[in-house]
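Me: I have a structure open and would like to go through parts of it with you. Could we begin with the ligand?

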Amino acid sequence: MAKQEGFHDLPLTAPKGAKELWRWLRDELRAEILNGRLKRGARMPSTRGLARQYQCSRGTVVVAFDHLRAEGYIEGKRGTGTFVALELPDDSLSARRPAVHLPKQTSRAGLSNRGRIATEHVVTLPPSRSIGKAFRSYEPAIDLFPVDLWSRISGRVVRRAPRSLYGQGDCRGYAPLRKAIAEYVGSARGVRCDADQVLVTAGTQQALDLIARLLLDPGDPVWMEDPGYPGAAYVFRAAGARIVPVPVDGEGIRIDWARRRRHQAKLVYTTPANQFPLGLTMSLSRRLTLLHWAMAQSTWIVEDEYDAEYRYFGRPVSALQSLDESGSVIYLGTFTKMLFNSLRLGFAVLPERLVDAFAAARSLTDRHAPTLQQAVLAEFILEGHFAHHVRRMRQVYAERISVLVEAARRRLSGLLEVAHAASGMRTIAWVRNGEHDLDVAQRARSQGLELAALSQFAIRYAAPSGLVLGFAGCAPAELRRGVDVLAFVLEGTWENGPPRQKVRKEAE
Ligand SMILES: Cc1ncc(COP(=O)(O)O)c(C=O)c1O
């Protein structure tokens, strides 16, 4: 292989026993970028060359590149190849703090075994520098969030709050917020609980972390839907748990399939209202099968309803928790998707027997979520603004998915078939021209689109070729632009010249 600048120091072969070659390669390349041997702006070695060098498939290298690109370490330039990013994600961190992305040799050296396991498989989301970009899937319509109203309520709460709210707060969360959440999930999702069972968390991710630390021992088997949510898999792996991938079909996670193989489970993680990432709803009979089985096995079920409020058609199905007679289900919800990401507030509805343990564990970590911010959210809910906002967003998102489906039907016929999501903030576009989704996604990202290939969410079993497209946070014009870019990516020609990007850039 022709040597590229700064690349000759990489080992010539992959280490023996590297479990997942793409992860190893990604970590090595990231370390080379961070230590400056692969310089900012320099051309990356070719995927073909790397594949030859490490005797792996080009797809393996492409996956490593995809992750580096998603994390912001490399970027594509049309027609000219892939380059190290000029601005690295770590730039936004203080120089003295360790990097969030932990490359193997450099910043993982002093870690404990637990620390090494916990950081081995983590991909962090880069901080947003703009909003509304096609087809970012993890942001709601932030531009439509009622900022004036929020700031009025914030001002009022901060001015009028009794001084006790400036003191130590409750580990379980601010009591009026817990009450408001219990009422809301009861009426909107059929969840059966009282306020004492609600634990306010820093989003779903923290709830998953508490669950993993309190309910799982190293080696414990955890069933994950395959394809499934990597954010959950990372947390369970970090706790040393053993991930057991279980395929999904049109009715949801395939309990019988796993049972026939005599797979045991300490915990099942599931997204029944809107399967991540396929967008399917778990059938009632599958829900009952799961609950009966979990009760018989004393298995915990974690029900993650991260965007269940947004249903556009079909009958809404109540939460799995509403059918649970045995106290096996932990129900999770988050305001990061219902309101805005940086709010970092979510909640867990716990079986009664777990409440004290979770409150104690919370006290050991960050004690509690910021009380004044919780009080603002409580007012926002109690004054009816939350329900109004969710209703409004449901209409906006329903319009946006229709725009996306229609634009795709017009421009991408025979190439990409965009499913009309029944719920949620993202949908699947099935690749119909026979290409591998990783290849399509890589080319789309090099054209500035933000999207993932369905294969990136496959844990063990191959997923069909598809793209995961977010639509909720993107204005109709941006969705149409995104479709034009996808048409260019798949056909190689523009219909009316390259479309201009109209996303809201933040003032520098
Ligand atoms: C399946 C799933 N659960 C939960 C979340 C949200 O997690 P958090 O509340 O930590 O932002 C996401 C975010 O994308 C998700 O996709």
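**Ligand, strand and rings**

Reply: A backbone N or O atom of Thr-204 lies 2.8 Å from an oxygen atom of the ligand. Please keep in mind that this is a predicted model.

Me: How many residues surround the ligand, and which are the closest?

Reply: The ligand is surrounded by 13 residues, and the closest are Thr-204, Gln-205, Asp-304, Thr-334 and Arg-344.

Me: What about the side chains of Thr-334 and Arg-344?

Reply: Thr-334 has a polar side-chain atom 2.6 Å from an oxygen atom of the ligand. For Arg-344, a polar side-chain atom lies 2.8 Å from an oxygen atom of the ligand.

Me: Which residues point which way from strand 5?

Reply: Pro-221, Trp-223 and Glu-225 point one way, while Val-222, Met-224 and Asp-226 point the other way. All of these residues are buried.

Me: And how many bridges join strand 5 to strand 6?

Reply: There are 6 bridges between strand 5 and strand 6 (residues 242-249), and the two strands run parallel. Between them the chain passes through helix 8 (residues 230-238), which gives a right-handed β-α-β crossover. Within this pairing, Trp-223 stands opposite Val-244 of strand 6.

Me: What joins strand 5 to strand 8?

Reply: Strand 5 is joined to strand 8 (residues 267-270) by 3 bridges, and these strands also run parallel. Here Val-222 has Leu-267 of strand 8 as its bridge partner.

Me: Now the rings. How many aromatic pairs does the structure hold?

Reply: The structure holds 17 aromatic pairs.

Me: Is Trp-257 buried or exposed? And how does Tyr-461 count?

Reply: Trp-257 is buried, with a relative accessible area of 9%. Tyr-461 counts as partly exposed, at 29% relative accessibility.

Me: Which residues form the aromatic cluster?

Reply: Tyr-184, Tyr-331, Phe-335, Phe-347 and Phe-386 form one aromatic cluster.

Me: Last one: where does the charged end of Arg-163 sit?

Reply: The charged end of Arg-163 sits over the ring of Tyr-166, at 6.0 Å from the ring centre.

Notes
Residues are numbered from 1 along each chain as its sequence is written. This is a predicted model: local features need pLDDT of at least 70, side-chain atom pairs count only at pLDDT 80 or more; totals for chains, interfaces and linings use all residues. Side-chain values use heavy atoms; hydrogens and water are left out. Rings of Phe, Tyr and Trp (its six-membered ring) pair if their centres lie within 6.5 Å; planes under 30 degrees apart count as stacked, over 60 as edge-to-face and the rest as tilted. Buried means under 20% relative accessible area, exposed over 50%, partly exposed in between (1.4 Å probe, protein chains only). A charge sits over a ring if NZ of Lys or CZ of Arg is within 6 Å of the ring centre and within 35 degrees of the ring normal. Helices (H or I, at least four residues) and strands (E, at least two) are DSSP runs, numbered from the N terminus. Two strands pair if DSSP finds at least two bridges between them. A crossover is right-handed if, with the strands pointing away from the viewer, the path from the first strand over the helix to the second runs clockwise. A residue is near a molecule or strand if one of its heavy atoms lies within 4 Å of it. A polar contact is a pair of N or O atoms within 3.5 Å; within protein, one must be able to donate a hydrogen and the other to accept it, and residues adjacent in sequence count only if both atoms are side-chain atoms.
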